[in-house]
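Hi everyone, thanks for coming.

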Amino acid sequence: MAFEYAPAPESRAIVNIAPLYGLFIDGEFVESSGGDLNKTVSPSTEEVLAEYTQANAEDVDRAVKAARKAFEKWSALPGAERAKYLFRIARIIQERSRELAVLETLDNGKPIRETRDADLPLVAAHFFYYAGWADKLDHAGFGTNPRPLGVAGQVIPWNFPLLMLAWKIAPALATGNTVVLKPAETTPLSALFFADICRQAGLPKGVVNIVTGDGRTGAALVAHPDVNKVAFTGSTAVGKEIARTVAGSRKKLTLELGGKGANIVFDDAPIDQAVEGIVSGIFFNQGQVCCAGSRLLVQESIQEELLESLKRRLSTLRLGDPLDKNTDIGAINSAEQLARITALTAQGEAEGAERWSPACELPSSGYWFAPTLFTNVTQAHTIARDEIFGPVLSVLTFRTPDEAVAKANNSQYGLSAGIWTEKGSRILAVANKLRAGVIWSNTFNKFDPTSPFGGYKESGFGREGGRHGLEAYLDV
Amino acid sequence: MYSRYARRYARLVTMPTNAPSPTAERVGGTPTHALQDVTASDSTLRRFLHGLPGVDAVGLEARAASLGTRSIKTTAKAYAIDLAISMVDLTTLEGADTPGKVRALGAKAVHPDPTDRTTPATAAVCVYPDMVATAKAAVAGSSVKVASVATAFPAGRAPIAVKLADVREAIDAGADEIDMVIDRGAFLAGHYAKVYEEIVAVKETCGTSARLKVIFETGELSTYDNIRRASWLGMLAGADFIKTSTGKVAVNATPANTLLMLEAVRDFRAQTGVQVGVKPAGGIRTTKDAVKFLVLVNETVGEDWLDNHWFRFGASSLLNDLLMQRQKLATGRYSGPDYVTVD
Amino acid sequence: MSEKTEKTEPRLSVFKTYKLYVGGKFPRSESGRVYEVTTKTSAAGAAGKGNWLANAPLSSRKDARDAVVAARKAFGGWSGATAYNRGQILYRVAEMLEGRKAQFVHEVADAEGLSKSKAAVQVDAAIDRWVWYAGWTDKIAQVVGGGNPVAGPYFNLSSPEPTGVVTVLAPQESSFLGLVSVIAPVIATGNTAVVVASEKSPLPALSLGEVLATSDLPGGVVNILSGRTAEIATPLAAHQDVNAIDLAGADDVLAKELEIAAADNLKRVLRPQPVDNWSETPGIDRMTAFLETKTVWHPTGSLGASGSSY
C-alpha cells in the first residue's frame with residue numbers, strides 16, 4: 001500500500017516489571033518452600049520478562065489456609081462493604097489500565113489494540129458489574145441470604161490472563177468467597193500485578209491469594225481437600241481430568257473449556273459486515289479464543305464471492321510488533337502452542353484441504369503464525385473437528401439452513417456460533433436450533449459482564465457473567 | 001520500507017491533480033457496462049438495487065470506528081497531510097459569496113500556505129455556477145480545477161430543463177467538474193428510473209468537458225441500504241465520482257457512510273472494470289478526521305484511490321487545520337490561526 | 001326372586017406382567033432376565049422374606065442403550081414442543097394418575113411397607129407434583145432467563161434450554177413420590193429421560209410407564225428401566241450420547257464411580273443429596289440442574305445512518 005503507517009509503538013516505560021516474583025499469600029509476597037523458579041518470556045521477542053515462583057503442594061496448602069482464615073470475616077462483611085472493595089478494585093484497574101494493557105501485551109503477545117480496547121475495559125467493567133451485586137444477592141433469584149461456598153480454587157488460561165482473572169475473582173468475592181487463583185504458566189504477570197491492586201485497594205489479607213506455577217500447581221489446588229469450589233477455564237482434556245478429581249466430593253465445579261464455533265453465512269448476509277465478523281471471529285487474539293469462529297460455514301451459492309472478499313480483507317491485516325498500535329495480529333503465546341498449530345495445519349494439508357495465507361512477513365524471533373485459511377474442508381477433516389486455538393479458519397459449505405444447523409451442531413463442543421443473514425426470522429430459527437451457549441447474530445466475539453458466557457456439551461458447564469454467574473459461587 | 005515511502009512521498013509533493021487512471025474512463029453519453037440491462041425501468045432497477053447485499057448498521061459503524069483507531073504518526077502523518085491537502089475541494093457555497101471572496105479562495109487553493117511554497121495545491125475550488133468564471137480566472141495557470149455545484153443545488157427541486165441549463169451555464173463558464181444533486185424525493189418514492197435518467201442527462205451535458213460528481217445527500221437517504229443503492233444507481237448512470245452530501249443538512253459525511261461508498265466503488269470496479277471516485281463532503285474539519293478518512297480509503301480500496309483524481313474532501317475549514325498541523329510537523333511547535341490565512 | 005349364593009370362592013386375580021417402558025413401547029428386557037420383587041418387610045419382620053409381588057425385568061446394558069436411542073430420538077420433538085403443550089401433557093399425567101390412584105396406593109403400600117392411608121398421602125403428593133411441574137413449563141424461562149443490558153448497540157437475551165438426554169437414577173426408598181419428583185423436573189423443561197427405577201421397588205415406576213403412555217406424552221420422552229441400579233447406571237454414565245445424570249438413587253461409592261465415568265463427555269452431574277421428606281415443595285433446583293443457558297446477541301442497528309461515529 002502506498003500509505004505506509006510509520007511505527008507507532010506504545011511505550012513500555014509505563015510498566016515496571018520486577019526481576020523476580022514470589023507467591024501472593026495472605027496479603028504478602030512470599031517464597032516457595034521448594035524454591036523452584038520459572039521464567040516468563042515475551043512471545044513476540046522471546047525476551048525473558050521475569051522469573052516467578054513455582055508453587056508446590058505445600059505452598060498451595062498455605063494459600064488455601066490463608067483463604068480459609070480470611071473467609072470467616074470476609075463472608076461476614078456486609079455486602080455493601082464487600083461491594084466497595086470491588087468498586088475500588090474496578091477504579092484502580094481503570095486508573096492503571098494503560099500500564100496493565102502494556103504488561104498484558106508483553107506477557108501474552110497479543111496486540112496492544114486488543115488489550116487497550118477489549119481486555120482492559122472488560123476487566124474493569126466486570127469488577128464494576130459484580131461489585132454491584134455484593135449487597136443485592138437477596139434479589140438475585142437464589143433465595144434470601146444465599147451463602148457463599150467458602151474457598152474457591154481457580155485456574156485460568158493464558159489467552160486473556162487478566163480478563164479471565166476478573167471473570168473468576170469478581171463474582172467469587174462479591175458473593176463472599178475467598179480465592180486462591182493460579183494464573184497460566186506462560187502469563188503470570190498480570191495476576192501478580194493484580195496482587196498489587198489488591199494492596200492498593202486495601203483488600204483484607206488472605207481474601208485473594210495468587211499461586212503461580214505449571215499444571216502441577218493447578219492440580220494441587222484442585223485436589224486440595226479444603227477447597228469448596230473449583231472453577232477452571234482451559235482445555236477440555238484438563239477439564240475432564242478436573243471433573244474426575246472432584247468426583248465424589250462436595251466441591252462445586254464450573255468448567256469453561258474448548259470450542260469449535262461455527263460461523264454460518266447465508267446467501268442474504270450483509271457481506272461486508274460478515275467478512276469483518278469472520279475476521280474478528282477467528283483472528284481476534286490470533287484465534288486463541290475458546291469461542292472463536294473457527295469453522296466458517298458458507299452457503300455454497302456465495303462461496304466464491306465471500307472467499308474473494310475474505311482473502312482481500314486478510315491481505316490488509318497487519319502482523320507484527322504487538323506493542324505497535326496499528327498491529328492487528330500479534331504473536332502466538334508460546335512455542336508449545338505454535339507447535340500445536342503448526343502440526344494441525346500440516347495435518348490439514350495432508351488430509352487434502354487447500355491452504356492459503358496472505359503475503360505476510362513473519363518476524364525472525366518470537367512465535368508467529370500467519371493468518372491461514374483452509375478451503376475444501378469437510379466434516380471429516382481433523383481441522384474441522386479439533387480445536388486448533390490459532391489463526392486458522394476452516395471453510396466448509398452448506399446448501400440449506402437445515403444442513404447448516406446439522407453441520408454446526410456436529411461437534412463434541414458447543415460454546416459459540418455465528419449467524420449471518422438479513423432475514424430476522426431465519427436468525428431466530430437457526431439460533432434456536434444451534435446447540436451452543438453463546439450465539440452471535442450478525443456480529444461475533446462480543447463480550448459483556450452482564451451477558452452469561454459458557455458452553456453446551458464438552459465445552460463445559462456453568463455460566464460466567466450476568467446474574468447467572470453468581471450461581472457458581474453460591475451454595476444453591 | 002523507508003525507501004518505498006520516500007519514493008511515493010516524492011511523487012506526491014509534485015501533486016499531479018490528474019493521475020493516470022488505471023482503467024479506461026468514460027466520456028459522456030449513455031454509459032456502457034455489463035449491467036446495462038438493469039437500468040431498463042423502475043422495476044428492473046428496483047430488483048437490482050434491492051438485490052444488493054444488505055448493510056448491518058452496527059457492523060459498518062464498528063468497522064469504521066475501528067479503522068479510526070489507527071495511529072498515524074511522523075512520516076506517515078506528513079504523507080497523509082499533504083495527500084489530504086491535495087484532495088481538498090476548497091468550497092464556498094454561500095448566498096453571500098462575492099467575486100472577492102471567490103478570488104481569495106482561488107488564491108488559497110493554488111498556494112494554501114503562503115509561508116511554505118512546498119505545500120501542495122488543493123484539488124479544486126468548488127463554487128456556485130455564477131461564480132465559475134471568477135474562480136476560473138483566480139486559479140488560471142495552476143493545476144487547481146474549478147468545480148461547480150449545479151442542478152438546483154442543494155435541494156434539487158427544479159424541473160429537469162432548469163437543472164440542465166444550470167449545468168450548461170457552469171460548463172460554458174469553464175467548470176472542470178460538476179457536482180450535481182440527485183432527486184432524493186424521487187429516490188425515496190422509489191422512482192429509481194427518474195433519478196437514473198436525470199444523472200444520465202447531466203452526464204450527457206457534461207460530455208467530455210467536465211467530470212461528474214453525484215451527490216446523494218446521504219443524510220436524507222437516511223439508511224445505509226439506501227446509500228448503497230444510491231451509490232450503485234449513480235455509478236450505473238455514469239457518475240465519475242459519488243459524493244456524500246451537500247453540507248447543507250444535519251448529517252453529512254461520516255466515516256461509516258464513506259466506508260460504505262468506498263465498498264461500493266470497489267465492488268463496482270470488480271464487476272464492471274470501471275473505477276469511480278469518492279468524495280465525502282461536509283463536517284470534516286480536522287486533520288485527525290481527514291486522516292481517518294484516508295485510512296478508510298487505504299484499507300478499503302487501497303492505493304488505486306489514494307490520489308486526488310479518485311478521492312476528494314469537500315471542505316472549507318479543514319484546510320486551515322491541515323496547514324497548521326503541517327507547520328507543526330515542519331517546525332516542531334504548535335501553530336495558531338494567525339499563521340494561516342482566513343477564508 | 002334372585003338366587004342367593006351361600007358362599008363365593010374368592011376370585012382368582014389376574015397378575016400383571018410388569019414390563020419396561022422404552023420408546024413408548026412395553027418391551028421385556030432383551031436379556032430375557034427377570035428378578036423377584038417382593039413386598040417391603042417391616043423392621044419387625046426383617047428376618048422374614050417379603051411376599052412375592054412380581055417378576056420385574058432385569059434390564060441389561062443393551063436395554064440401557066436402546067433407551068438412550070429412544071430418548072435421543074424423542075428429544076427434538078419434545079424440546080421443540082411449545083412450553084404450553086408440555087404443560088398440558090404433564091397435567092394430563094396428573095389426570096390419568098388420579099383415575100388410577102387406587103392401583104398406585106396399593107403398589108406403593110406394598111413397595112414401601114406403608115399403610116393404605118400413608119401410601120395414599122404419597123400418591124396424592126405425587127399427583128400434585130405433576131401439577132406443580134405442569135405449571136412450570138411455561139414459566140421457568142421467564143424466571144431464569146431474560147434480557148441482559150449490555151453496553152453496546154445489541155439486544156442480548158439469555159434463555160434456558162434443555163440439556164438433552166438425562167439419565168435419572170430414581171431414589172431407592174421413595175418408590176413413587178421420589179420417582180415423580182426426579183422425573184417431572186427433567187422433562188418439564190424439554191429434556192428426555194432414561195430412568196432407572198428403584199432397584200427393590202420398581203413396580204410403581206413400571207406402572208407409571210403405563211400412565212405416561214396414555215397421557216399424550218410422546219414415546220421416548222421417558223424411558224423406564226428396572227433392574228440392578230449399578231449394572232444399568234454404569235454404561236449410562238459412560239454413554240457418550242447422554243448429556244446429564246441425576247445420581248439421586250446412587251450410594252456414595254457408586255455415585256463417585258459414576259461421576260468419574262460421566263466426566264468422559266462432561267455430563268452435567270447432579271450429586272445425590274439427602275432428602276428426608278420428598279413431600280416438601282421442591283423449588284426449581286432440579287429443573288435448573290438440567291438446563292443450559294443460551295445467550296443470543298443481535299445488533300439493534302439504528303433507525304438510519306444519522307449518527308456519526310467519530
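Predicted model: local features only at pLDDT ≥ 70, side-chain atom pairs only at ≥ 80, totals over all residues.

Residues are numbered from 1 along each chain as its sequence is written, and chains are lettered from A and ligands numbered from 1 in the order in which they are written.

Okay, chain A. Helices here are DSSP runs of H or I, at least four residues, and strands are runs of E, at least two, numbered from the N terminus. Have a look at helix 2, residues 79-95, and helix 4, residues 112-133: they pack at an angle of about 165°, with axes 8 Å apart. Those axes are lines fitted to C-alpha atoms over the stretch in contact, and angles run from 0 to 180 degrees between N-to-C directions. So helix 2 and helix 4 of chain A are roughly antiparallel, a label for angles over 145 degrees.

Who makes that contact? Among them are Leu86(A) and Ile89(A) from helix 2, and Phe127(A) and Tyr130(A) from helix 4. Contact means C-beta atoms, placed from the backbone, within 7 Å. The residues involved divide into 12 nonpolar, two polar and no charged. Nonpolar is Ala, Val, Leu, Ile, Met, Phe, Trp, Tyr, Cys and Pro; charged is Asp, Glu, Lys and Arg; the others, Gly among them, are polar.

Let's zoom in on Phe127(A). Is Phe127(A) buried or exposed? Phe127(A) is buried, because 27 other C-beta atoms lie within 10 Å, and the cut-off for buried is 20 or more. Phe127(A) and Leu86(A) are 41 residues apart in sequence, yet 6.1 Å apart in space, C-alpha to C-alpha. Leaving out residues up to four places away in sequence, Phe127(A) also touches others, including Ala166(A) and Ala170(A).

Now, between chains. On one side, 31 residues of chain A are in contact with 26 residues of chain C. Strand 17 of chain A pairs with strand 10 of chain C, residues 291-299, in the parallel sense over three bridges; pairing takes at least two DSSP bridges. Within that pairing, Val438(A) has Thr295(C) as its bridge partner.

Then there's chain B, where 29 residues are in contact with 22 residues of chain A. Helix 4 of chain B gives the most to that side of chain B, five residues.

Definitions and conventions:
Contact = placed C-beta atoms within 7 Å. Parallel < 35°, antiparallel > 145°, perpendicular 65-115°, else oblique. Buried ≥ 20, exposed ≤ 12 C-beta atoms within 10 Å, placed from the backbone.
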